[in-house]
Amino acid sequence: MNTKIEEIDGKFVATLEGEMDTAAALEAEEVLKPLYTSNGKDVIIDCTNLEYIASSGLRILLGILKGAKTSGSKVVMKGVNDDIKNVFKLTGFISIFEFE
């Protein structure tokens, strides 16, 4: 699992690559913690190369979304493949996240 955050054009862009299973989610959470307080900046989560996400990964994304909404920001999921989008549908997260 490879996770990184960049600031591009006044937005945070988080790139998720590989499989976010439970073990990888622990490491990814450490990298993504700054997004819990996005300070009014929108967050784009690039899932173009994300192959799998476990419930622990969904919990992290939910934490980012809650933090963003608190500061008036939005979170956009970008490049989500059909398998991962299906996980969002099954969990009901499809209706609370914005997809691009």
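## Notebook: the sheet, its helices and its core

I began with strands E3 and E4, which pair in the parallel sense over four bridges. Two strands count as paired if DSSP finds at least two bridges between them. Helices (H or I, at least four residues) and strands (E, at least two) are DSSP runs, numbered from the N terminus. I noted that Asp46 stands opposite Lys78 in E4.

I then followed the chain, which crosses from E3 through H2 to E4 in a right-handed β-α-β crossover. The chain also crosses from E4 through H3 to E5, and this β-α-β crossover is right-handed. A crossover is called right-handed if, with the strands pointing away from the viewer, the path from the first strand over the helix to the second runs clockwise.

I recorded that this is a predicted model, in which local features need pLDDT of at least 70 and side-chain atom pairs count only at pLDDT 80 or more, while totals for chains, interfaces and linings use all residues. Residues are numbered from 1 along each chain as its sequence is written, and side-chain values use heavy atoms, with hydrogens and water left out.

**Entry: the sheet as a whole**

In what order do the five strands form the open sheet? I read the order as E1-E2-E3-E4-E5, with mixed pairing. Strand E1 (2-8) and strand E5 (98-99) stand at the edges with a single partner strand each, so one side of each is left without a neighbour in the sheet.

I went through the pairings in turn. E1 and E2 run antiparallel and are joined by seven bridges; the bridge partner of Glu7 is Phe12 in E2. E2 and E3 pair in the parallel sense over eight bridges, and I found Met20 bridged to Ile53 in E3. The chain crosses from E2 through H1 to E3, and this β-α-β crossover is right-handed. Strand E4 (residues 75-78) pairs with E5 in the parallel sense over two bridges, and Val76 stands opposite Glu98 in E5.

**Entry: helices on the sheet**

I next examined Glu29, which has its place in helix H1 (residues 22-32). Is Glu29 buried or exposed? Glu29 counts as buried because its relative accessibility is 14%; buried means under 20% relative accessible area, exposed over 50%, and partly exposed in between (1.4 Å probe, protein chains only). Not counting residues up to four places away in sequence, Glu29 touches Tyr36, Arg59 and Ile60.

**Entry: two loop residues**

I found that E1 and E2 form a hairpin with two residues between them. Asp9 in the turn has a positive phi of about 50 degrees, although Asp9 is not a glycine. Asp9 is exposed, with a relative accessible area of 75%. Asn39, in the loop between H1 and E3, also has a positive phi, near 50 degrees. At 64% relative accessibility, Asn39 counts as exposed.

**Entry: the core**

Which of its 26 residues touch the most other members? They are Ile45, Leu61, Ile64, Val75 and Met77. E2, H1, E3, H2, E4 and helix H3 (82-91) each supply at least two residues of this core, and the largest share, six residues, comes from H2. Beyond its neighbours within four places in sequence, Ile45 is in contact with several residues, including Ala14, Leu16 and Lys78. I also noted that E2 is mostly covered, with seven of its 10 residues buried.

**Entry: aromatic rings**

I listed four aromatic pairs in the structure. Rings of Phe, Tyr and Trp (its six-membered ring) pair if their centres lie within 6.5 Å; planes under 30 degrees apart count as stacked, over 60 as edge-to-face and the rest as tilted. The rings of Phe88 and Phe93 have centres 6.4 Å apart and planes at 65 degrees, so this pair is edge-to-face. Phe88 and Phe93 are both buried. Ring pairs link Phe88, Phe93, Phe97 and Phe99 into a cluster.

Notes: Contact means heavy atoms within 4.5 Å. A nonpolar core is a set of buried Ala, Val, Leu, Ile, Met, Phe, Trp, Tyr and Cys residues joined through side-chain atoms within 4.5 Å.
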